[in-house]
Amino acid sequence: MPIIPDEKDWTWVLTRPCPECSFDLSSATPATVPATIQNMLPRWRAVLRRPEVAERPNGTTWSPLEYACHVRDVFALFDQRLNLMLDTDDAQFENWDQDRTAVEMDYANADPAVVSAELTAEGEQIAESFAGVRESDWGRKGLRSNGSEFTVLTLAQYFLHDVVHHLHDVDG
């Protein structure tokens, strides 16, 4: 059964804590991203070692494996977006259809060991990219294809929520 696409605009998490995962973005900055990511990577690797990693909890929810594939791709996408913001004034982000990517990349049949290695590498890469951001660049801007505007600071916050939220999804 195909997953129903999530078409919600999650940018509201920039103004209040998430009631589902309880993540409060108020203390998240580009400077806190590297340690947060490094602390989450072992948890994601543990998820990918579960015997039932490829099993969906129901017909409308991704399996832990599919969530891990998504997080791996979120790491890569946000690394690209962060670097675009740092290199380009008023950066424009291309649209990303996460649901189409899941189908095209066959998340459901991925090899958990390969995903674990890729997720770790992408996580370390984005942690390194955020570690190199100067505080004077936190206000640089980027615009998502739906019109949502981000600064490097709010991109870091939005990004962290996504990764924390999905860890909550697979642990819940």
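**Sheet and helix packing in a predicted model**

In strand β3, Phe 150 is the residue that stands opposite Gly 142. The model that shows this pairing is predicted. Strands of a sheet pair through backbone hydrogen bonds, in either a parallel or an antiparallel manner. The sheet is open and consists of three strands in the order β1-β2-β3, with mixed pairing.

The packing of the helices was examined next. Helix α1 comprises residues 33-48 and helix α2 residues 64-87; their axes come within 10 Å and cross at roughly 150°. Because angles over 145 degrees count as roughly antiparallel, α1 and α2 are assigned to this class. The crossing in which α1 passes α2 is left-handed. On the α1 side, the contact is made by Ile 37, Leu 41, Trp 44, Val 47 and Leu 48, and on the α2 side by Pro 64, Leu 65, Tyr 67, Ala 68, Val 71 and Phe 75. Eleven nonpolar residues make up this contact of α1 with α2, with no polar and no charged residues.

Helix α1 also packs against helix α4 (residues 112-131), at an angle of about 175° and with the axes 9 Å apart. The two helices, α1 and α4, are therefore roughly antiparallel to each other. Residues of α1 in this contact include Val 33, Pro 34, Gln 38 and Arg 45, while those of α4 include Pro 112, Ser 116, Thr 120, Glu 124 and Phe 130. By class, the contact of α1 with α4 contains twelve nonpolar, four polar and two charged residues.

A further pair is formed by α2 and helix α5 (residues 152-171), whose axes come within 10 Å and cross at roughly 175°. Helices α2 and α5 are therefore also roughly antiparallel to each other. Among the residues of α2 that meet α5 are His 70, Val 74, Phe 78, Arg 81 and Met 85, and among their counterparts in α5 are Val 152, Tyr 158, Asp 162, His 166 and Asp 169. The contact of α2 with α5 has 15 nonpolar, two polar and three charged residues.

The structure holds nine salt bridges. One of them links Glu 66 with Arg 56, and the closest N and O atoms of this pair are 2.7 Å apart. Since Glu 66 belongs to helix α2 and Arg 56 to the loop between α1 and α2, the pair ties together parts that are ten residues apart in sequence.

Technical notes:
Residues are numbered from 1 along each chain as its sequence is written. This is a predicted model: local features need pLDDT of at least 70, side-chain atom pairs count only at pLDDT 80 or more; totals for chains, interfaces and linings use all residues. Side-chain values use heavy atoms; hydrogens and water are left out. Two strands pair if DSSP finds at least two bridges between them. Helices (H or I, at least four residues) and strands (E, at least two) are DSSP runs, numbered from the N terminus. Axes are lines fitted to C-alpha atoms, for helices over the stretch in contact, and angles run from 0 to 180 degrees between N-to-C directions. Angles under 35 degrees count as roughly parallel, over 145 as roughly antiparallel, 65 to 115 as roughly perpendicular and the rest as oblique. A crossing is left-handed if the near helix is turned anticlockwise from the far one by less than a right angle, and right-handed if clockwise. Contact means heavy atoms within 4.5 Å. Ala, Val, Leu, Ile, Met, Phe, Trp, Tyr, Cys and Pro count as nonpolar, Asp, Glu, Lys and Arg as charged, and the others, Gly among them, as polar. A salt bridge is a side-chain nitrogen of Lys or Arg within 4 Å of a carboxyl oxygen of Asp or Glu.
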